[in-house]
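Here is a short briefing to read alongside the structure. Have a look around first, and then we can go through a few points together.

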Amino acid sequence: MANLKEIRNRITSIKSTMQITSAMKMVSAAKLKKAQDAITAMRPYSSKLTELLQSLSATLDSDAGGAYSTQREVNKVLLVTVTSNRGLCGGFNSSIIKEAVKTIDEKYNGVAVDLFTIGKKGDDILSKDNTVIENRNDIFDDLTFDNVAKVAEQLMDLYVDGSYDRIELIYNRFKNAATQIPQVEQFLPIEPVEGDADVNLDYIFEPSKEEIVLELIPKSLKTQLYKAIRDSFAAEHGARMTAMHKATDNATELRDELLLTYNKARQAAITNEILEIVGGAEALNN
């Protein structure tokens, strides 16, 4: 059994860790509220814009949809992975890394695949075995639509000039503070609407339908990428808050066990001292 000094040192160390994890939990909880409100407010707009664009595109020929709707034989793919710049958030980053590896090995086996990483943690791991054409760790320093739109324009140019035949997003979708769902979502080319539902909507178009589609496509793609990164940002804070909550609970449990061990060891030491005193006194009496 460890001596009393070693146990006291461990208890002190665990208490310091508890203070750190508890503080990180509160910080993440505060940031989560703001990030959650942002993604919750954005989802209806993004979904409706995508739905409208797909419905309009389905009524036009492929040329009218512009270069972003062109379906090509898939020979080269670009995967855009969204992770975080910091750790201590449970399985948040590892789930995206696993999903990216699974997509490369299973879905695109035999196809040339490059990566465009957003977030330091994903880049550190994925760059070891894959080609990363660019990493954007800085996007989280100032997460605004304008900054994300520049990245979206870069991805759109890579598709239009034929560098890649398909671009997909891999990110964590925020469900709640305890649940993040890995998503693999096609970015380009724009997927046509499935079936015949809602393709003949009673709209009055001004200007022409073709002009509206060509105007909406870039905006829709920028919004799609911004929503994905916003989703991941909220999911990151939720994952970190949950991880720090569990870490604090585990540290509390370990501290209580060590306090019990310390008290038992201290009581045993006192008992031994009493027995030695009593034994010495009896020896003198004899």
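Let's start with a side-chain pair: arginine 72 and aspartate 165 make a polar contact through their side chains, at 3.2 Å. Keep in mind that this is a predicted model.

**Arginine 72 and its surroundings**

- Arginine 72 sits in the loop that runs between helix H1 (4–58) and strand E1 (76–82).
- A polar atom of the arginine 72 side chain also lies 2.8 Å from the backbone oxygen of tyrosine 159.
- Beyond its neighbours within four places in sequence, arginine 72 is in contact with Tyr159, Gly162, Tyr164 and Asp165.
- With a relative accessible area of 28%, arginine 72 falls between the 20% and 50% cut-offs, so the residue counts as partly exposed.
- Aspartate 146 is 74 residues away from arginine 72 in sequence, and their C-alpha atoms are 29 Å apart.

**The nonpolar cores**

- The largest nonpolar core has 46 residues, and those touching the most other members are Leu155, Ile167, Phe187, Leu188 and Leu225.
- At least two residues of this core come from each of H1, E1, strand E2 (112–118), helix H4 (145–160), strand E4 (166–176), strand E5 (179–188) and helix H5 (209–285).
- H5 gives the most, with 13 residues.
- Setting aside neighbours within four places in sequence, isoleucine 167 is in contact with Leu78, Val80, Leu155, Tyr159, Gln186, Phe187 and Leu188.
- Another core, of eleven residues, lies apart from the largest one and includes Ile97, Val113, Leu115 and Ile170.

Terms used. Residues numbered from 1 in each chain as written. Predicted model: local features only at pLDDT ≥ 70, side-chain atom pairs only at ≥ 80, totals over all residues. Heavy atoms only, no water. Helix = DSSP H or I, 4+ residues; strand = E, 2+ residues; numbered from the N terminus. Buried < 20%, exposed > 50% of the residue type's maximum accessible area, 1.4 Å probe, protein only. Contact = heavy atoms within 4.5 Å. Polar contact = N/O pair within 3.5 Å; in protein donor to acceptor, adjacent residues only side chain to side chain. Core = buried A, V, L, I, M, F, W, Y, C linked by side-chain atoms within 4.5 Å.
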